[in-house]
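Hi,

Here is the structure I promised to pass on. Have a look at it first, and my notes follow below.

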Amino acid sequence: MCGIVAYIGPKDATPFLLEGLARLEYRGYDSAGVAVAGRTGGIKLRKVKGRVADLAAAVPARFKGGTGIGHTRWATHGVPSDANAHPHLDNAERIAVVHNGIIENADELRAKLTADGAVFRSETDTEVLSHLIAAHATEGVELEDAVRAALGRVVGTYGIAVLDSEQPDRIVVARNGSPIVLGIGEKEMFAASDVSALVRYTRQVVHLEDGELATVRADGFRTFTADARTTHRQPSTVDWEIDSFDTGGYEHYLLKEIHEQPTSVERTLSGRLDERFSTAHLGGLNLDARELREIRRVKILGCGSAYYAGEMGAQLIEELARVPAHSEPASEFRYRNPVIEADTLYVAVSQSGETYDTLAAVQEIKRKGGRVLGVVNTVGSAIARECDGGIYLHAGPEVSVASTKAFTSTVVAFALLALHFGRIHDLSPADGRRIVSALQALPDQIREVLDQSEAIAELAAEYAGSAGMMFIGRVRGYPVAREGAQKLKEISYVHAEAYPASELKHGPLALISPELPTVALVPDDELLDKNLTTLGEIKARSGRVIAVAHKRPEDRLVDHCVLVPKSEPELDPLLLNIPLQLLAYHAAVALGRDVDKPRNLAKSVTVE
Ligand code: G6P
C-alpha cells in the first residue's frame, strides 16, 4: 500500500530517503514526502501530491539532517494532496509521523485532540498520531514512551516511523498489521516497510513482529513490546538479488517480470519434483500423509489475481486429487461469517503476504480452529507467518503492480500440491509421471510463447482502441479468461469482461459487435468442438475473434490466432495465460499508460 523509509546515521538522510521511496513507489504513488531533523534544530519537511520524482524536484539542496523519515502514499483518508501527504506534524512542529494502515478510532481521537487545542491540517487518520504522540511527549519523557502511550489509545492497523526534533538521536518505529523492517548498516541504521528499499544498503535485516516497537539509533536498535518488555531479535540475511529491483534493460518491470517466468517457474519447481515416485515434495506443508488423506474439501482464498490463480489451483486439486476444491475472494469470505470445518483445508494465496483482506480471512479461520496453508511469495511476510504451513513461490520480488510471474508460480505451486495430494489418494503413477514431465517442460514452453511478444504487440496495437473486450473460456479456460480480462483492465483501462464460453449465449452474446472483440481460449482438449461452435456463434454476429489455441481454427472462425505449445490438459491454462499477459502489456503501452503503476491501484493493499 503505502511505503515507509527511515534513516539515522552520519550521512545526510535525504538521498537514501528519496532513493528508498523510489523503490517503494510501486506500493502507492499519489503523493510523497520526507522530513529530517535539521542539524540546527527543528524539522525540515517537504511533501507533494504526485510522484517521488516530483518530491525530489521539490526538495531544496540545503535539506540536511542525519535523521529522517519518508513516505509514499496511496490515499485512503482524504484525496491525494500536499496537505494529506505524509509526514504529518504536531502543531509545535516537533514530532513527524509517517504511517501505513488505518486508525479506526481516528474520528474520536481527532475530536478529543481538537477539544484540547490541536489544530488539524489534513483529512488523514495519520495526523491524529502526530498530535497524540506530541501530547504524550511532555518534558523528560523518552520518545519511545510517548509513542507507546499514544499507541495504547489507538485502535487499528499501523506501521509507523516517528521523528522527534528534540530527540534527533533516534527514530521510533512500531508495527501492528503493517510491516516494518530494520536494516543494519555500518554505524548507520535504516528502516522501511519493505526490504526492497534496503537491499542496496544492507542485507542484514530484522522484521518486527505485530505489536512490537523499536528505538533505532545510528549505532543499533532495541526492540520492545507495548508494555515496555525488551524483546530479543536476531537479524536475518536477505537473499534477494539487488538487480531484482531494477528493470534490467526492459522498458518496464512488467515486461521484465513476464520474461522472467521461465526462470521463476524453475525456481518454484526446484527440488520439489520426485521422478522416482512421480510426486512432489513440499517440505513446508506441516501435514503428513495421514492428515492430508483426512481432508474432504479445499477452500482457497486470495484477492485479485491471487484469487484467479486460486481458481486454477482449485481445478488442479479437483482433477488430480479428486477432492472438491473451490476458490473464493478472501475479501468476501471474511465478511460472511463462514462455516469453518475441521476436514477442510484452507489455502491462503498472496504474492506479497500482506494483503489485509487475505490476512483477516486467515485470522478468522484460525480463530475458529481451521487449518490454513499459505501459498506466498514473500518469505516471512504476515500471511506466511500466520499460516500453519505452506508453499513459498520463490518467484523473486515482483515490483509491477499487475501480477504476472507470481501468478504463474502460484499455479505451479498448486500443481505441485495437487500432484502430492493426488498421489496419496488415487492418482496413478502413470498420471503422476505425466504431470511431472509436463511441469519440467513448462519453462521452455513459456519461452516459446514469449518469443511471440512482437506479433502479440502488433495485435495489441490493432485492438487497443476497442470500446471493450470479451474474454471467454470453458471450464479450465474460464479462470484464464478472468485473469486475462483483469490484466487488460488494470493496466490499459480498456473495459474487459470475462465469461464462461458456455454462458455467452445466455446473455452477453447481445454485446457482440465489431466494436467488442473477443479473446477466446481454445485448447485442444475434450471441449474443443464446443469452443469452436461458440466461435461460430460470435462470427455469425459480426464479432471479431482472437483465438489463443493449440491448433489454428478454420479461418472463418477467427480473425487472429496466437498458438501456444500444448501441455497436459490440466496444465494448459498456465500457458494459455501467457499471451494474455503480453496482450495486456502491449495494449497498455500502445495507449501510453503508466504500465507499472496503473492509476488508482497499489501493489499490496494493506487496508480493508
Ligand atoms: C492488489 C493488486 C493486485 C493483486 C492483489 C493481491 O489488489 O493490485 O494485482 O493481485 O492485490 O495481492 P497479493 O499480494 O495478496 O497477491
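A backbone N or O atom of Gln351 lies 2.7 Å from an oxygen atom of the ligand, a polar contact in the sense of two N or O atoms within 3.5 Å. Ser350 brings a polar side-chain atom to 2.5 Å from a ligand oxygen, and for Ser352 a side-chain N or O atom is 2.6 Å from an oxygen atom of the ligand. The protein buries 89% of the 390 Å² that the ligand exposes when taken alone (Shrake-Rupley areas, 1.4 Å probe).

Bear in mind that this is a predicted model, where local features need pLDDT of at least 70 and side-chain atom pairs pLDDT 80 or more, while totals for chains, interfaces and linings use all residues. Numbering runs from 1 along each chain as its sequence is written, and side-chain values use heavy atoms, without hydrogens and water.

Around the ligand there are 13 residues (a heavy atom within 4 Å of it), and Ser350, Gln351, Ser352, Thr355 and Ala602 come nearest. Which domains supply that shell? Domain 2 (247-447) and domain 3 (452-608) each give at least three residues; the bounds come from an automatic or database domain assignment.

There are also four cavities of 30 Å³ or more (sets of points on a 1 Å grid over the protein atoms alone where a 1.4 Å probe fits but cannot get out; volume is the space filled by probe spheres on points joined across faces, edges and corners). The second largest cavity holds about 60 Å³.

Cheers

Technical notes: A polar contact is a pair of N or O atoms within 3.5 Å; within protein, one must be able to donate a hydrogen and the other to accept it, and residues adjacent in sequence count only if both atoms are side-chain atoms. On a 1 Å grid over the protein atoms alone, a cavity is a set of points where a 1.4 Å probe fits but cannot get out, and a pocket is an open set with protein on both sides within 12 Å along at least five of seven lines; lining residues have an atom within 4 Å of a point.
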